[in-house]
Structures are given as C-alpha cells and as structure tokens.
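Q: Hi! Could you walk me through this model? I'd like the overall picture, then some detail.

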Amino acid sequence: MTALPLTRLTTHIYISPPHEETDRPVLGAIVGEKSVLMVEAGNSPAHAHSFLEALARQHIARPSYAVLTHWHWDHIFGASALSRIQIFAHTKTAQAIQILAKLDWSDEAIQRRVADGKEIAFCRDCMRQEFTDSERKDIRLRHPDITFNTRIEIDLGSVSANLIHVGGDHSADSVVIFIPQDGVVFLGDCIYDAIYDTPRNYTSAKLFALLERLTALDASLYLPAHQETPISRSEFLSLAKKYKTIGSLVDQHGDDRQAILTHLSHLSIPNNEETVTLIDLFIAGRQKPVSASPISFDTPPKGNR
Ligand SMILES: [Zn+2]
C-alpha cells in the first residue's frame, strides 16, 4: 500500500500535504502518550488508508479517534476506512452525513445533481479524479460516533485537543482543532468562502466573528486544509486585518468598487488581483446568492414560515 508523505510539524503533530487535483485536504495526527487523534477522515478510503500506513511506517500508534472538520465530501468520504477509530463531529455535520448517505454518488447521479443545481462542478470533477464510478457507487458514508455542539476537549496524554465549533461562510458546521501545548490550530476550510453559492461570497458578519475567535486563540501556527504550508501567527493577523479592512469598506461603500479601491490605496493595500477578488466576494455577500449545496442548515423547522 502507498503511504502519504508525513511531516513532523511540532512535538505532538504530524501532517500529510494536500493534493490539489483530487481536492485532498491536509490530514493530521496529534500524538499523545495515551492516544492519537486523526484530523479529517480523508476524501476517500484510499486517502485514509495511505495516511494510516504513513503513521504505521513511522511507528506511530493507530489513532483511537478522528475528528471531522465539516461535512464536505473531501473531509468525510474516507471515514469508512477508519475501523476501530471513534469519530467526533459537530451535530450539524452528523445531520448532513445522514442526508449525504442517502444520495447516489455514481457519475450519472452526480451529473444530474449538477444539472439540477444541487451539486457543483468542482466537486464532481475532483471526485472523478479521486475514485472511479464503481468505487463511488459502493461508498459507505460512516456516521460519527460522538457529536457535540460548542466544544469538546480530548485528553490524549501529555497533550490535549480542543474541538471548537466556529462556523463561518464556508460551512455553518465548521470546527477547528486547537492544540494549546503546541500552539497549533487546524482550520479545516473555515476561513474559505461560500463555495456552493453563486456567486461565491464572504459576509462581513460571519467572517469578522470567525476571525475574532481564531485570533483570540493562543496559537503560533494556523493550518488551512488546502494549503501546503501553515500560516504563522503574524501572517494570520495581517490576513485577518486585510479581510476586515476590505469587508468594512464594502459595508461602507456597497458595490462602488472605485471608491473602495481609492480608500485602499490610502491604506497601502495593493490594487492587485487578490484584493479585487476579495472586494467582489464581500460585494457578493451583500446580495442574495443561490446555493447549489445538497445540504441546507438554514431551512426553518417545519410549520414555521
Ligand atoms: Zn469545505
């Protein structure tokens, strides 16, 4: 079996890199004296197996636990490979998995959902790269064993992992994993935009609250799930500042891009592609985007109007 490359990041933490073509996220292992926690379940059983193999080759104990950062396929489809591993997830993630488990994941069915506006082409294309049609037809989505709503702390022996629900624009169920002893935060995808929406977007209300919570953690390294290298604390603080500045200017000027760019030039924020993309994402967040997500957390309870 192939083993993923494994890097020791800090005293207790090992990570394997993301793979862009098939949308594989960073996988992590937090290694305590008593037990090991795996971060993310991988985007397929093959992905999960390759990570477990990498741990075994470095004589690291098999994880006792795994945590799902949110419901998106690339973070949960490997869960069926995690036998004898207890899976933690937010209550909303578990609700989403119940719905996803009933869906047909064959090429034909996914294509139909994309055509019906219930799935996005990006996920379809990456899933096709990661596994064959027949492998996906047989996919079994495993339900989490332990669910929580706000936060939970797991004592792994000499190191603990705090699973904290943070939400955000990317997905309302997003959870981060904070390891205070090592000063590390696994971000999952929480700082990314709303990818299932057309147009994709950020809202200042959700993103600002999220950034406040993340910067309040006493962390020196932040790990987005689809980025090769971790972000240092100083880089994360300047990123947060930039997002807040641009989001506030969009709140102030609406869709007047020129007024926003003029204001930004006085603040020495360069007028480059990244800045313009961010402005457009915040402007889109003030409109009413259409979602192609198979999961909706915003549906009011039956009987409510
Ligand atoms: Zn995601």
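A: Happy to; we can go from the overall fold to a few strands and a loop. One thing to keep in mind is that this is a predicted model.

Q: Let's talk sheets. What is the strand order in the open sheet of seven strands?
A: The order is β1-β2-β3-β4-β5-β6-β7, and the pairing is mixed. At the edges sit β1 (7–8) and β7 (146–148), each of which pairs on one side only. Helix α3 (residues 91–100) packs on this sheet and touches β6 (86–90) and β7, with its direction at about 105° to that of β6.

Q: I'm curious about β4. Which way does it run relative to β3, parallel or antiparallel?
A: Antiparallel: four bridges join β3 (residues 27–31) to β4. The two strands form a hairpin with four residues between them, and Ala29 stands opposite Met38 in β4.

Q: What about β4 and β5, parallel or antiparallel?
A: Those two pair in the parallel sense, with β4 covering residues 36–39 and β5 residues 65–67, over three bridges. Leu37 has Tyr65 as its bridge partner in β5, while Val39 stands opposite Val67.

Q: Which β4 residues are on which side?
A: Val36 and Met38 are on one side, Leu37 and Val39 on the other. All four are buried, which leaves both faces of β4 covered. In general, side chains in a regular strand alternate between the two faces of the sheet.

Q: Back to Leu37. What is Leu37 in contact with, leaving aside neighbours within four places in sequence?
A: Quite a list: Ile30, Pro63, Tyr65, Val67, Ile154, Leu156 and Ala161. Leu37 is also among the residues with the most contacts inside the largest nonpolar core, along with Ile30, Val67, Val176 and Val185. That core has 84 residues.

Q: Changing topic: where does Lys34 lie?
A: Lys34 is in the loop between β3 and β4.

Q: Why does Lys34 count as exposed?
A: Because Lys34 has 11 C-beta neighbours inside 10 Å, and a residue is exposed at 12 or fewer.

Q: What does Lys34 touch, not counting residues up to four places away in sequence?
A: Lys34 touches Leu156 and Gly157. Lys34 and Ser64 are 30 residues apart in sequence, with 9.4 Å between their C-alpha atoms.

Q: Where is Gly157, then?
A: Gly157 is in the turn of the β8–β9 hairpin, which has four residues between its strands, and has a positive phi of about 90°. Strand β8 (residues 151–155) and strand β9 (residues 160–165) run antiparallel and are joined by five bridges. Arg151 stands opposite Ile164 in β9.

Definitions and conventions
Residues numbered from 1 in each chain as written. Predicted model: local features only at pLDDT ≥ 70, side-chain atom pairs only at ≥ 80, totals over all residues. Core = buried A, V, L, I, M, F, W, Y, C linked by C-beta atoms within 7 Å. Buried ≥ 20, exposed ≤ 12 C-beta atoms within 10 Å, placed from the backbone. Contact = placed C-beta atoms within 7 Å. Pairing = 2+ DSSP bridges. Axes fitted to C-alpha atoms, helices over the stretch in contact; angles between N-to-C directions.
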